[in-house]
Amino acid sequence: MTPDFRMSTVSYREAMREAIRDAMRRDPRVFLMGEDVGRYGGCYAVSKGLLEEFGEERIRDTPLSESAFVGAGIGAALGGLRPIVEVMTVNFSLLALDQIVNTAATLRHMSGNQFGVPLVIRMTTGAGRQLAAQHSHSLEGWYAHVPGIKILAPATIQDARGMLWPALQDPDPVLIFEHNSLYNETAALTGEPPEVDIRKAQIARPGRDVSLLTYGGTVALALEAARTLEAEGIQAEVIDLRVLRPLDEATILESVRRTRRAVVIDEAWRSGSLAAEVCARIAEEAFYELEAPPTRVCSAEVPMPYAKHLEQAALPQLADVLDAVRGVLA
Amino acid sequence: MSEALGIEREQGLHLWRQMLRVRRMEEASAELYTKSKIRGFLHLYIGQEAGGVGVLEQLEPGDAVVATYREHGHALLRGISARSIMAEMFGKQAGCSRGRGGSMHLFDAAARFYGGNAIVGGHLPLAVGLGLADRLQGRKQITCCFFGEGAVAEGEFHESLNLARLWRLPVLFVCENNLYAMGTALARSEAQVDLCRKAASYDLHAQAVDGMDVLAVAAAARACVDRVRSGEPVFLEVKTYRFRPHSMFDPELYRDREEVERWKERDPLVTFPERLEQAGLLEPGDRERLEAEVASEVADAVAFAEAAEFEPVSDLCRFVYAEGAPE
């Protein structure tokens, strides 16, 4: 059941599970809690098998009380543990928004640096599975608005495997957003677990003509666009932001200054989005080096519909990205 | 030793003194508010002192306290100095939260005092988590969580009591029922006003006590703390009353003067010394000596706060994240 991680093809789900398992083995203070993480094996099967391996004390099924178990994670972190709290989806995390925004994010500053909250909260995000308007939104940009927390969005198998441990080492709260479309993605993971610098964005594909800046579930879309554009002789660079707060502005600006064109792809709504923030920073810092205004590809501003054709129409599509790129190259 | 009260003279003087320290510090705070030395919201504990004293006297030094925005008294009673509390309310760097929290957010790591929380009910889950950490690490310490009866309407109250009982966590939930959630009387907001019945529905021990009687609170809290230390959560309702408005902005349109006056007849700062007197535990000069000592502590705290420095503005963005950590 346990894949051999020294040299094998693993899924995003398995990589995340192995990251949790590894952290639990390395540090007795680490434990996992959330809805259905134990007996059920995790809503997305990430924690399958962990209850059997680590027992009820460290793999804790919780009641459907998001506010209480996220808040309990804060308290447990204050009490010397290193909790990983799983919230089923970002939509449900709104029931714990008070705990995250009013307590986890504020405690260090509000207490004059006496209390930090070394807590990791994982949750799924994103659309694409016809789950309609209460299970499909991408609200990580909201969280990225808030000082005091850090926001990660692993888009690759490597990051799914490698981001959790540094997140647990962080003395402050870290939220990890896992796009639901990624769990079945696979890649070869060889050698030692990847060491991920959770302060840095990553160049997913180098290029010289245009920067496609994105994260999470739409990194694959950007890469697909880059491959399509290559056939037309356009070298698109894909930046996987992967850290949504604090943004790695240096990597963003370095890329944009080189390519002189920026297209930001964000599955969230356009208004007040992370894409808006990235565009604003590019405009503030690199305006005179640009050949074209920075532009965005976001979801349509509707609650996500159920019907497949409508959902797909609401989400950023390859054609939208290609159009945007051709627009800035025109 | 008084047969009638069941306490020694020294014990009686100590409880009186503790209540008096809170009362006089709060009175000074109110005055300093009118002089604009203290700003923001200011919620006074005047009238409720017997509850805090009766409960907190039962805790051990390693126990944790999680409180609300009406927490000056709890902070003082947990050993946080009047100086650092007053400096905090003045917004000074010497304050127990560096002047970043103010009246509603007193913190002290050494005292294991986790605020000063100003989202009603929002701190109950935090207390549950502290209890979980203690249990998983095999520590004997307990967590004492104070909240008002207004918090009972919040989901966190129900979620937290359930979780604490489900996982058998050492948390003492102390509901200080002063009858009004800001200006809303309990009966105007709750269908079931018997709070112990609500708590008991989560299958935990729940009891109520007269919060104007410090000895009754102390006895009830002692029994509750013992029970919590043996490894189960307990709910204690302290029936009390605040003599002052909810905050300094409250015109008190929701209750009449007579009601306030009736409760003031039960003022623990009046009735408790009378009981000590009747029990023959007082000596001439006790009151004067106690008042002088407390007045001097408060005056010293105010002078300290007045003289303390403000944190430089250049420090504004410090401690959003840990320093030296990846950022």
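**Notes on the predicted two-chain model**

1. A:R242 is buried, because 27 other C-beta atoms lie within 10 Å. (Buried means 20 or more other C-beta atoms within 10 Å of the residue's own, exposed means 12 or fewer, and partly exposed is in between; C-beta atoms are placed from the backbone.) A:R242 is not a glycine, yet its phi is positive, at about 50°. The residue sits in the loop between strand 11 (236-240) and strand 12 of chain A. Helices (H or I, at least four residues) and strands (E, at least two) are DSSP runs, numbered from the N terminus.

2. A word on the basis. This is a predicted model, in which local features need pLDDT of at least 70 and side-chain atom pairs count only at pLDDT 80 or more, while totals for chains, interfaces and linings use all residues. Residues are numbered from 1 along each chain as its sequence is written, and chains are lettered from A and ligands numbered from 1 in the order in which they are written.

3. Chain B also has a positive phi to check. B:D203, a residue other than glycine, has phi near 65°. B:D203 belongs to the loop between helix 8 (195-200) and strand 7 (205-210) of chain B. With 13 other C-beta atoms within 10 Å, B:D203 is partly exposed. Most residues other than glycine have a negative phi, and most peptide bonds are trans.

4. Look at the cis peptide bonds too. The bond from A:R245 to A:P246 is cis, with omega near -10°. A:P246 is in the loop between strand 12 (243-245) and helix 11 (249-259) of chain A. The bond from B:G115 to B:G116 is cis as well, with omega near 25°. B:G116 is placed in strand 2 (residues 113-117) of chain B.

5. Chain A is split into domain 1 (7-190) and domain 2 (202-329); such bounds come from an automatic or database domain assignment. The domain centres, taken over C-alpha atoms, are 26 Å apart. Across the boundary, 25 residues of domain 1 of chain A are in contact with 20 residues of domain 2 of chain A. (Contact means C-beta atoms, placed from the backbone, within 7 Å.) On the domain 1 side, helix 7 (140-143), strand 6 (150-152) and strand 7 (174-179) of chain A each supply at least two residues. Strand 6 of chain A gives the most, with three residues. This side of domain 1 has twelve nonpolar, ten polar and three charged residues. (Ala, Val, Leu, Ile, Met, Phe, Trp, Tyr, Cys and Pro count as nonpolar, Asp, Glu, Lys and Arg as charged, and the others, Gly among them, as polar.)

6. The largest nonpolar core has 191 residues, and A:L212, A:V263, B:C145 and B:L172 touch the most other members. Both domain 1 and domain 2 of chain A give residues to this core, so it lies between them. (A nonpolar core is a set of buried Ala, Val, Leu, Ile, Met, Phe, Trp, Tyr and Cys residues joined through C-beta atoms within 7 Å.) Beyond its neighbours within four places in sequence, A:V263 has contacts that include A:V210, A:L212, A:T295 and A:V328.

7. The chains meet through 37 residues from chain A and 35 residues from chain B. Helix 3 (66-78), helix 5 (97-104) and helix 6 (107-110) of chain A each supply at least two residues to the chain A side. Helix 3 of chain A provides the largest share, ten residues. By class, the chain A side has 14 nonpolar, 17 polar and six charged residues.

8. Helix 3 and helix 5 of chain A also pack on each other, at an angle of about 30° and with axes 8 Å apart. (Axes are lines fitted to C-alpha atoms, for helices over the stretch in contact, and angles run from 0 to 180 degrees between N-to-C directions.) That makes the two helices roughly parallel. (Angles under 35 degrees count as roughly parallel, over 145 as roughly antiparallel, 65 to 115 as roughly perpendicular and the rest as oblique.) Among the contact residues are A:V70 and A:I74 of helix 3 and A:I100 and A:A104 of helix 5.

9. B:M25 is in helix 1 (residues 9-34) of chain B. With 25 C-beta neighbours inside 10 Å, B:M25 counts as buried. Leaving out residues up to four places away in sequence, B:M25 touches B:H72, B:L76, B:A82 and B:V298.

Notes: Contact = placed C-beta atoms within 7 Å.
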